[in-house]
Each structure stands twice: as C-alpha cells, then as structure tokens.
Amino acid sequence: MNTRRPLIAGNWKMNGLAADAATLAGDLAKRLRGSHNPSFDMVVCPPYTNISTAVEAAQGTALAIGGQNCHDAEKGAHTGDISAAMLADARCSYVITGHSERRTDHGETDGMVNAKTRAAWAAGLIAIVCVGETETQRDAGQTLDVIGAQVAGSMPDGATAANTVIAYEPVWAIGTGRTASPQEAQDVHGFIRQQLTDRFPEQAGGMRILYGGSMKPGNAAQLMALADIDGGLIGGAALIADDFWAIAQSSGQK
Ligand code: PEP
C-alpha cells in the first residue's frame with residue numbers, strides 16, 4: 001500500500017480558444033467543488049493564452065493550472081518563449097517539461113529538459129518531467145536503455161516527491177489510440193521507480209510516476225491499478241470533461 005496521491009494531469013496542447021478553456025476548466029472546477037475530499041489531485045495545462053482564463057475558472061477549487069513548457073532562463077532575449085517565473089506569476093503551480101512533442105518539434109534534449117526542470121523548481125513550480133521511447137526503439141529492444149538515459153539526463157539532482165512528477169509516455173502511444181499493455185507499462189514504471197530509488201532513496205517511494213499515451217475512460221482503471229502507476233498525463237481525453245473526470249474517478253480504484 002503506497003501513500004502516493006494520484007495526479008490526473010490534462011495536457012490541452014494547442015487546442016481551444018478562451019471560451020473553450022472557460023467552459024472546460026469551469027466544468028471541472030464545478031465537479032471538484034461538488035465532490036467531497038476527492039482522492040486525487042487534478043491539474044490542467046492550457047495553451048499560454050488561456051492560462052488566465054483557466055485560473056479564473058478554477059478559482060476557489062482544487063483544480064490546479066500548469067504550463068506546457070518553459071524556458072530555462074528567468075528572462076531575456078528569447079522571443080516567443082515563456083519563463084517559469086512568468087508561469088508562476090500567472091498562478092500556475094505545475095509545468096510539463098520534456099514532452100515528446102517538444103523533444104521532436106523543438107529538438108529538446110535531456111540536458112535542456114534538466115535545465116527547464118531546475119528553472120521550474122526555482123520558480124516554485126512542480127515539474128512534470130516526460131520520458132518515453134519511440135516505436136523503433138521499443139521494437140529494437142532498447143526501451144529500458146532509452147528510458148534509463150532519459151530519466152538520468154532529464155532529472156536534476158535535488159528532485160523530491162514534492163517538486164517533481166515523472167510521466168512515462170511511450171511516443172508510439174501518444175495520440176494514436178494505442179496504449180501500452182498493463183505489463184509493458186508496469187515493467188517501465190517499475191524500472192523508473194528502481195532508478196529513482198537508487199538515486200533519490202529518501203524520495204523515490206513518494207514520487208509520482210504517471211502513465212501517458214491514449215489513456216481513456218475505458219483503459220484508465222486497469223492502468224492506474226498497477227503498483228507503480230500514480231495517475232495519468234492525458235491529452236485527447238483531457239479535452240472532454242466527462243472523459244477526463246471519468247479517468248480521474250478510476251484513480252480511486254487503486
Ligand atoms: C500527451 O499529450 O501527453 C498524451 C498522452 O496525449 P494522448 O492522451 O492524446 O495520447
């Protein structure tokens with residue numbers, strides 16, 4: 001029996017205008033307001049332009065708001081970027097670092113993810129650090145080597161259960177409708193837990209490791225029941241309040 005409180009995290013990616021964010025965050029906020037002592041934490045990560053709208057809709061509820069990325073510098077000549085301090089100032093409490101779409105679309109390396117994660121902590125944010133293998137790497141039997149290297153490189157020294165969440169997201173499962181089987185997922189989550197235990201012995205037992213990759217109401221309970229899965233990072237299904245809420249409810253069956 002572990003004491004890790006499940007985290008249900010929604011990554012809205014580049015979706016929605018302000019009115020959509022108000023409706024979606026407002027709907028989740030209303031459900032949280034109406035549920036006594038939910039057994040999970042919930043955060044949604046809107047596009048930057050909708051953060052203030054989501055913050056306003058979530059006000060007075062347990063719904064937390066996060067960014068989808070941050071720069072590693074506090075400020076400066078970085079056109080188009082946002083610092084962790086700016087996210088904190090906008091009343092975010094989380095930020096996703098190293099999402100596979102950032103790694104692929106923007107060439108983010110483990111070293112960059114490590115620096116962004118440190119910047120997140122410096123601003124008082126909780127970092128959701130993403131790792132995951134491609135299909136080619138899995139087929140070549142390299143999954144644990146790839147994940148091991150990503151966790152080692154992306155997680156800075158000083159990670160704690162309070163300032164960091166890991167998200168294991170097999171790249172081949174993101175947005176594809178394919179999910180890792182429970183065995184595949186637990187194998188990687190257990191491996192990550194062991195790696196964290198070796199490096200952060202005091203913290204690893206309390207660190208949350210989320211699964212991400214086509215998590216839906218129909219598969220969430222089975223995944224979240226596994227020993228080392230402590231919630232989900234959800235993309236597509238996070239845009240539908242009923243689905244996101246249903247996934248959150250499944251975390252209670254742990
Ligand atoms: C994600 O973007 O992190 C994700 C897991 O997306 P999806 O749930 O749509 O696969």
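**The ligand and its surroundings**

The ligand has 14 residues around it, and the closest are Lys13, Glu169, Gly175, Ser214 and Gly235. Keep in mind that this is a predicted model. Below are some notes on the ligand, the cysteines and the nonpolar cores.

**Who touches the ligand**

- Sorted by class, the shell around the ligand is made up of 8 polar, 4 nonpolar and 2 charged residues.
- Glu169, one of the closest residues, puts a polar side-chain atom 2.6 Å from an oxygen atom of the ligand.
- Gly236 uses its backbone instead, with an N or O atom 2.8 Å from an oxygen atom of the ligand.
- On its own, the ligand has 290 Å² of accessible area, and the protein covers 97% of that.

**What about the cysteines?**

- How many disulfides does the structure hold? The count is 0.
- As background, a disulfide is a covalent bond between the sulfur atoms of two cysteines.
- Take Cys70: the closest cysteine sulfur belongs to Cys92 and is 10 Å away, so the pair is too far apart for a bond.
- Cys92 has its closest cysteine sulfur in Cys45, but at 7.6 Å that is too far for a bond as well.
- Are these two residues buried or exposed? Cys70 is buried, at 0% relative accessibility, and Cys92 is buried too, with a relative accessible area of 7%.

**The nonpolar cores**

- The largest nonpolar core has 61 residues, and the ones touching the most other members are Met42, Leu63, Ile65, Met155, Ile192, Leu196 and Tyr211.
- Which residues does Ile65 touch, leaving aside those up to four places away in sequence? One run of names is Val43, Val44, Pro46, Ile51, Ala54, Val55 and Ala58, and the rest are Arg91, Cys92, Ser93 and Tyr94.
- Another core lies apart from the largest one; it has 14 residues, including Leu7, Tyr94, Cys130 and Leu210.

Technical notes
Residues numbered from 1 in each chain as written. Predicted model: local features only at pLDDT ≥ 70, side-chain atom pairs only at ≥ 80, totals over all residues. Heavy atoms only, no water. Near = heavy atom within 4 Å. Polar contact = N/O pair within 3.5 Å; in protein donor to acceptor, adjacent residues only side chain to side chain. Areas by Shrake-Rupley, 256 points an atom, 1.4 Å probe, with all protein chains shown as cover. Nonpolar A, V, L, I, M, F, W, Y, C, P; charged D, E, K, R; others polar. Disulfide = S-S within 2.5 Å. Buried < 20%, exposed > 50% of the residue type's maximum accessible area, 1.4 Å probe, protein only. Core = buried A, V, L, I, M, F, W, Y, C linked by side-chain atoms within 4.5 Å. Contact = heavy atoms within 4.5 Å.
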